[in-house]
There are 2 protein chains.
Amino acid sequence: MKETGVRMFNEYAAGKGLKSTRQRDTILEFFLSLDRHMSIEELYLEIHQKFPKIGYATVCRTMKLFAEAGIALGVDFGDGQMRYEHSPRGQHHDHLVCTECGAIIEFSNDTIEKLQDTIARKHGFLIQSHRLELYGLCALCRK
Amino acid sequence: MKETGVRMFNEYAAGKGLKSTRQRDTILEFFLSLDRHMSIEELYLEIHQKFPKIGYATVCRTMKLFAEAGIALGVDFGDGQMRYEHSPRGQHHDHLVCTECGAIIEFSNDTIEKLQDTIARKHGFLIQSHRLELYGLCALCRK
DNA sequence: AACTATATTGATAATCAAAATCAATTAGGG
DNA sequence: CCCTAATTGATTTTGATTATCAATATAGTT
């Protein structure tokens with residue numbers, strides 16, 4: 001998984017004539033080691049703690065670059081902060097977002113995906129992307 | 001429809017001890033006469049043109065108030081601008097958003113709604129709200 | 001109609017995350 | 001090692017929305 005991400009980014013970088021830097025390698029490794037969604041702010045705080053030389057702007061730019069390279073996917077839960085997750089290879093997924101504790105649970109449902117296609121076709125739409133989020137209380141916060 | 005909105009707001013205002021003002025009446029009437037989603041910016045421009053005394057802050061505050069009163073619903077298509085639509089009485093709906101021309105088409109699908117409930121239940125989630133948007137090219141922009 | 005307490009307005013400043021700026025630094029081919 | 005272009009990071013700017021606050025308007029109450 002990690003190797004795939006590194007390889008994908010290297011290919012993208014090569015094609016674009018980008019130079020490899022310590023900062024990008026560091027951020028890439030950190031991002032690939034994550035198993036949850038993180039905002040730029042959170043990413044910055046953790047990365048900056050370990051590597052004080054890396055600034056906010058670099059984290060911001062680099063994550064955007066990863067998104068362009070196809071290894072990260074930006075998600076926006078409407079709280080005014082950009083979050084990034086590993087770009088889903090193969091299976092697309094959607095999110096359950098807890099409004100109390102902020103927990104994020106991923107899910108995927110083929111039937112919903114198919115119904116979306118049907119709806120789009122009915123309206124002559126060519127779908128490029130979609131977002132489905134269910135907001136509510138997670139099992140823990142309901143109690 | 002228009003009367004319903006006015007009545008709903010008056011009831012809400014009465015319950016909250018809000019005073020009735022020319023500005024709010026003007027914005028309410030304008031909003032209720034719309035048949036499409038508008039951002040605060042668009043609302044402000046049109047309203048301000050007819051009633052130059054009404055400022056941006058008032059439009060912003062008032063739309064938020066309408067949302068609290070249940071007559072408007074804020075929707076966020078991730079472009080950094082808040083939009084408002086008439087609060088759906090009864091049937092909830094979702095959106096097809098054209099990434100080219102910005103056209104917005106509403107749709108609703110009971111099967112998807114039911115599947116969402118199933119998914120939430122499976123994860124022990126108590127759904128409070130959801131958003132489903134399909135982004136792509138509308139029939140006109142595909143050509 | 002005048003008085004009064006409270007809500008509202010509108011101009012402006014503040015906020016906040018993200019993007020742009022730009023001089024200094026660094027990478028990597030020649 | 002040199003040179004050119006890419007990159008960095010401190011800082012400023014942006015842009016939409018929100019907060020501030022003095023001035024004004026509202027709705028009871030005399």
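Colleague: By what turn and with what RMSD can chain B be laid on chain A?

Modeller: In this predicted model, the superposition needs a shift of 0.0 Å along the axis, and the relation is therefore that of a two-fold axis. The surface that serves both copies is the same, since 100% of the contact residues of chain B recur in chain A.

Colleague: Which residue of chain B comes closest to the rotation axis?

Modeller: Judged by C-alpha position, the closest approach to the rotation axis among the residues of chain B is 2.2 Å. The residue at that distance is B:L132.

Colleague: Which residues of α4(A) are buried, and where do they lie around the axis?

Modeller: Helix α4 of chain A, residues 56-69, reaches 20 Å from its first C-alpha to its last, close to the 20 Å expected. Its buried residues are A:V59, A:T62, A:M63, A:F66 and A:A69. They cover an arc of only 120° around the axis, which puts them on the same side of α4(A), whereas the face turned away from that buried side carries the exposed residues A:A57 and A:E68. The buried residues asked for are thus A:V59, A:T62, A:M63, A:F66 and A:A69, on the same side of α4(A).

Colleague: Which exposed residues does the face of α2(B) turned away from its buried side carry?

Modeller: The buried residues of α2(B) are B:I27, B:L28 and B:F31. They fall within an arc of 100° seen down the axis, so they line one face of the helix. The face turned away from this buried side carries the exposed residues B:R22, B:D25 and B:S33.

Methods
Residues are numbered from 1 along each chain as its sequence is written. Chains are lettered from A and ligands numbered from 1 in the order in which they are written. This is a predicted model: local features need pLDDT of at least 70, side-chain atom pairs count only at pLDDT 80 or more; totals for chains, interfaces and linings use all residues. Helices (H or I, at least four residues) and strands (E, at least two) are DSSP runs, numbered from the N terminus. The expected span of a helix is 1.5 Å times one less than its number of residues. A residue is buried if 20 or more other C-beta atoms lie within 10 Å of its own, exposed if 12 or fewer, and partly exposed in between; C-beta atoms are placed from the backbone. The arc is that of the directions from the helix axis to the C-beta atoms. Copies are superposed by least squares on the C-alpha atoms of residues with pLDDT of at least 70 in both. Two residues are in contact if their C-beta atoms, placed from the backbone, lie within 7 Å.
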